[in-house]
Amino acid sequence: MMSRSQIGFCATCFGLHINRLGNNIAKTGNFSTLSLIRRLFRSSSSSSNSPEQPRRGGGTEYGGEGVPFRPKRALVVSKLSRYSFERKRFHDLEEEGLKQLLLQRGSHYDMYLEKHKIHVSNVKKVVDTLRSQNIEVRQAQWFDQNLNQEAVRWADVIIAAGGDGTFIMAAGKVTDDTPVLGVNTDPSRSAGYLCLSEKNSLQFDGALRKIIDGNFRWKWRQRIRTTVESGLINAEPIDIHEQQLRLPDHQYEHWNREQRMRQGLEKRVEPGPTVLPVRALNEVFIGESLSSTVSYYEISVDGSPMVKQKSSGITICTGTGSTSWSFNINKLSHQGVSELLNIINEESDVDIPITQDLLERIASKFNSSLLFDASVPTLAYTVRDPVVNGVFNANLPRGFAKKIRLRSRGWDACLVMDSGSSFVFNDGAIATLEITEDDALRTFELD
């Protein structure tokens, strides 16, 4: 009879072979088989005493919980600083001309340049630190041709150097279990909730040593998978950030893309259910492109009958996104609590003393209920400014779900993932949003 340690060793070996097989299957696109393979591995590894995790192509074994993680290749994806953004937009201007243009706009040229230099300096520190550990490094940036699927597949780890926006953008390029590590390149001016702490970001050499030594935990962040059918939907997303460089023409991009698809000049999603090529880490927004226009659609939550709704659009978020846009839409202010308590006092026989402490406790308790852990496979939806009358209703304008299905009735509508990747989503287009375990993003947690 095998000992517990022998059983654990066999389970780990089985997991490594399963993961190699899974990587080969992923390249063929047989994701249903890949899902089964991954479940087999997770089942085997959970019964083992070994904390060792699966191995991916490139010779890197996943560590954590005391097991070393030694990547051989790292892709460093850095943000486009505001200075670089303006420099790209007005590339035909000399430096003094750019400075005067920004000053005329009331923008802070000197501050932009200072923050840009801080960012560039900290990116260099990250790259130098990785190379000092004999890790091969490639670099890429927003709107950079080096940021492509080949580079992402090449890497054993993705380093997002910037802030939360850079982390989300880099994560959107990852379609397998390659881990993503966020480094805040200006923590004194940026929160960077998805990045390493300020201390670990500024002392990246120490953070990297912790990772190499296995002194960290894996954090799996769920992402939203969107399957579309029917309608005229672009196969490749419109990069909203890139379109911002093309002001003022970017506002017509959705209309132009739709016309090109109708003429057969642009690749569209084939008839039948098709999974869109982006997984949303924060949220998906569905609604009219012009924010002042009413959005019209039909919605089904967890298999319920389709219901017609009009609103300012709908957001569907993950646990990661529950701290972001969704939270700010739904959070309760002290003013709102105070006004409700005044009404309660007027309409009842009670006289509740309204103190600042009470307002804080009530608001905090309600707002905390809006948040859930990033690893939980749940969607949270919010109907923004629902229209309620004799025809349209929104009995539950906010809630949690496992699956949401929408049919567009819009004329210039879009489906936008993480505020960056947009798809045409007009009348008749159908989308199903859900979370599957295989789409979870592997990230790091350090003390």
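These legends walk through several close-up views of the predicted model.

**Figure 1. F216 and W218 meet edge-to-face.** Welcome to the aromatic side of this structure, which holds 10 aromatic pairs. In this one, the ring centres of F216 and W218 are 4.9 Å apart and the planes stand at 90 degrees, so the pair is edge-to-face. F216 counts as buried at 2% relative accessibility, and W218 is buried as well, with a relative accessible area of 11%. Both rings belong to one aromatic cluster, formed by F69, F216, W218 and F444.

**Figure 2. F372 and F400 form another edge-to-face pair.** Here the distance is 5.5 Å centre to centre, with 80 degrees between the planes. F372 sits in the loop between α14 (356-368) and β15 (379-383), while F400 belongs to strand β16 (residues 398-401), so this pair ties together parts that are 28 residues apart in sequence.

**Figure 3. R138 lies over the face of W154.** For anyone setting up a look at charge over a ring, the number to note is 4.2 Å, taken from the ring centre of W154.

**Figure 4. E288 is buried and has no salt bridge.** Look for E288 in strand β11, which covers residues 283-288. Which side chain of opposite charge is nearest to E288? That is K310, and it is 9.9 Å away. Leaving aside residues up to four places away in sequence, E288 touches T293, V294 and S295, along with G410, W411, D412 and A413.

**Figure 5. Helix α13 spans residues 334-347.** With 14 residues, helix α13 reaches 20 Å from its first C-alpha to its last, close to the 20 Å expected at 1.5 Å a residue. Its buried residues are G336, V337, S338, L341 and N345. The elements covering these buried residues include α14.

**Figure 6. E229 and R405 join distant parts of the chain.** Their side chains meet in a salt bridge at 3.2 Å, N to O. E229 lies in strand β8 (residues 225-229) and R405 in strand β17 (residues 403-408), and the two are 176 residues apart. Both partners are partly exposed: E229 has a relative accessible area of 23%, and R405 one of 27%.

**Figure 7. E434 and K403 meet in a salt bridge.** The N to O distance is 3.8 Å. E434 is in strand β20 (residues 430-434) and K403 in strand β17, so the pair ties together parts that are 31 residues apart in sequence. K403 is partly exposed, with a relative accessible area of 39%.

**Figure 8. R82, E86, R89 and R105 are joined into one network.** What joins them are salt bridges that share partners.

Terms used. Residues are numbered from 1 along each chain as its sequence is written. This is a predicted model: local features need pLDDT of at least 70, side-chain atom pairs count only at pLDDT 80 or more; totals for chains, interfaces and linings use all residues. Side-chain values use heavy atoms; hydrogens and water are left out. Rings of Phe, Tyr and Trp (its six-membered ring) pair if their centres lie within 6.5 Å; planes under 30 degrees apart count as stacked, over 60 as edge-to-face and the rest as tilted. Buried means under 20% relative accessible area, exposed over 50%, partly exposed in between (1.4 Å probe, protein chains only). Helices (H or I, at least four residues) and strands (E, at least two) are DSSP runs, numbered from the N terminus. A charge sits over a ring if NZ of Lys or CZ of Arg is within 6 Å of the ring centre and within 35 degrees of the ring normal. Lys and Arg count as positive and Asp and Glu as negative; His and the chain ends are not counted. A salt bridge is a side-chain nitrogen of Lys or Arg within 4 Å of a carboxyl oxygen of Asp or Glu. Contact means heavy atoms within 4.5 Å. The expected span of a helix is 1.5 Å times one less than its number of residues.
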